[in-house]
Amino acid sequence: MKENFIPEPAVIREIITQNEQIRTFRLELQDKTKAFTFLPGQFLMLSLPHCGEAAISISSSPTALPLIDLSIRKAGKLTAAIHEMKPGAQVGIRGPFGKPFPVDSFSGRDLLFVAGGIGLAPLKGVVDYCLFQQELEEDSVLSMTLLYGSRTPSDIGFQETIKNWQEQGVDCRLTVDIADEKWQGDVGLVTDLLDDCTITEKTTALVCGPPIMIRFVIARLSSMGCTDEAIITTLERHMKCGMGICGHCHLDDKLVCVDGPVFTLAQLKTMDVMELG
Amino acid sequence: MIDLKELILPKDNLIPLLRKLKKEARLIAPVQNAYGDTLFSEISDLDSAHIDLDNQPQSSLKPFLLPQQEILARYQVDKAGYTFTPPEDEQETIYFGVRSCDLTAVLYMDLIFSKPVKDTNYYARRNQSLIITLGCNHPFANCFCEATASGPYLEYGYDLQFIDIGDCYFISAGRIKGADLLDQWSYFFREVQEEDRKARYQLLLEARGKFTRNVQVAHACRRLQKEPDPEAIWEALSRRCYDCGGCAYVCPTCTCFSLDDMVLDDTQGLRLRSWDACTSSGFTRMAGGHNPVDRRCHALKRRFLHKLKDDFARHGKVSCTGCGRCIDICFGGVDITTFIDLVTAVEAS
């Protein structure tokens, strides 16, 4: 049976508008008997009628299954098309693909999340997953801090989520590049927020955002004493198959779709990646 | 070399044997067309087809096992929803007259399409194939398979290997499927005599001495494993690359592909897999236009390092089979042998 490239039908149950550019699409597999699970950091290949496929990271935690969130910024043809869709519409998914964040190694760690823009999407699942573990008091993390940078106050996504996280004890600090008259918070790059952070040997930093942001945040974390193994990021690359065959995300002797997209800085340093400049 | 079976096929029996095989399966062989081009083609009529075993086929088996464009699924958008249907099953195919380099390329494709996930569409075709190779007694002008350890004769991997020893073929069965074929049609063959073995060995030694190109593949590989990437070479080569993708298309081991949907009408379409080339600028470009690879200086970097460095690190062997097809296709003169020559010419740092 030639089944590798056949997507599984899924239904959009809910759409949450994060800002003008980003919406979260809450999906559920049409066939509820189908076994499906994943870990934070993994991604799906999303199919839309007449649009083909795109690689999208899962922004929810597996603890929220059977619902699966995809937070999508309007960037190309497919992403623009899903922004026009309504709840009840049908899409196709293949996956999950890729290596997840090493969530099993987070117990007893202080997690420092550094995100820019849509970069919060793949990290969101990790925060939700760790909060769930904390509630169970099982292998839980010591603390969670989020540094989140957006271009302007109206670009800040996931506001509802961030409010909930704060109530659950996640230390969330927001900054914008350009303020408006109503903005009371920090203004400046997300790296500036690192000034008030302490890095210890218990810190694990999870970084995701535009390549230029990743580069400067990593450099700053390293200078603050964070080790290469304790800095984790996730790369975005053009992908077609998602399963290590098509070659598009080839990175030296690695393939981002199977060896990543989650990499430690120690791993990245062995490769020629633009995120490190 | 361990073979399951060895026999001799008198040349007069070749066409009668192929006639029998063609009754049971689709038969593909190198055929010279009206324009003088030799291409692997399906044989519809053995009496009229000009099976050309003297010239190097301009194409490899890649277009058969990984078609230039392939339907992966048909999709439907209607009241029933958004549904996909896989394509039909494949038919049994016998490939005859395949050169050692091209069989080596098939073994490489077997690897790529099986790890970490088995590509069901590729293997649907591969499992229905039987490959009969023809050892090369006369390497062609651009050949360097000896330097890539993929010829002129093969040690393993074929179902059957034919070696032309004059008025007959020395035949070795490397896999069960090949041995079964010999059993099934045993009356076409005779037993191997000592002089057949001697003739075969003599021809192999002579073939090895007939290569005209000296391409230092092993030297280049060792250097690429140990030394920093040769940045100056990329820039020099990239200036002469015109982004045509020809090298990747004729290459029997270039398997990168793209997936796209083709809309047929409002309610249906096709999901297609098509050949792609990592040398082209759009290969790594993401939605929104961002591109992590600077093509001006790195147009050829991926392709050459993938074949000579990364695959060596990942699989323990290079993925260039020395077929030499990219040499004639590149009008910029920046084929893989140019790169190997430049890498090996640099003084050790």
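Accessible areas are calculated by the Shrake-Rupley method with a 1.4 Å probe, and for residues only the protein chains shown count as cover. For chain A, which is seen here as a predicted model, the accessible surface comes to about 11500 Å², and 49% of that surface belongs to carbon and sulfur atoms. What lies away from this surface can be described in a related way, since buried means under 20% relative accessible area; of the 277 residues of chain A, 55% count as buried.

The overall form of the chain can be judged from its radius of gyration: because a compact globule of 277 residues would have a value near 19 Å, the 18 Å of chain A agrees with that expectation. Taken along the principal axes, the C-alpha atoms of chain A fill a box of roughly 55 × 45 × 40 Å.

If one takes the contacts in chain A between residues at least 6 apart in sequence, 68% of them join residues at least 24 apart.

The domain assignment of chain A gives domain 1, covering 8-97, and domain 2, covering 103-234. The C-alpha centres of domain 1 of chain A and domain 2 of chain A lie 23 Å apart, and the contact takes 18 residues from domain 1 of chain A and 16 residues from domain 2 of chain A.

Finally, one may turn to charge: chain A carries 25 positive and 36 negative side chains, and the centres of these two sets lie 7 Å apart.

How values were computed:
Residues numbered from 1 in each chain as written. Chains lettered and ligands numbered in written order. Predicted model: local features only at pLDDT ≥ 70, side-chain atom pairs only at ≥ 80, totals over all residues. Heavy atoms only, no water. Rg over C-alpha atoms; globule rule 2.2 N^0.38 Å. Buried < 20%, exposed > 50% of the residue type's maximum accessible area, 1.4 Å probe, protein only. Contact = heavy atoms within 4.5 Å. Lys, Arg positive; Asp, Glu negative; His and termini not counted. Charge placed at Lys NZ, Arg CZ, Asp CG, Glu CD. Domains from an automatic or database assignment.
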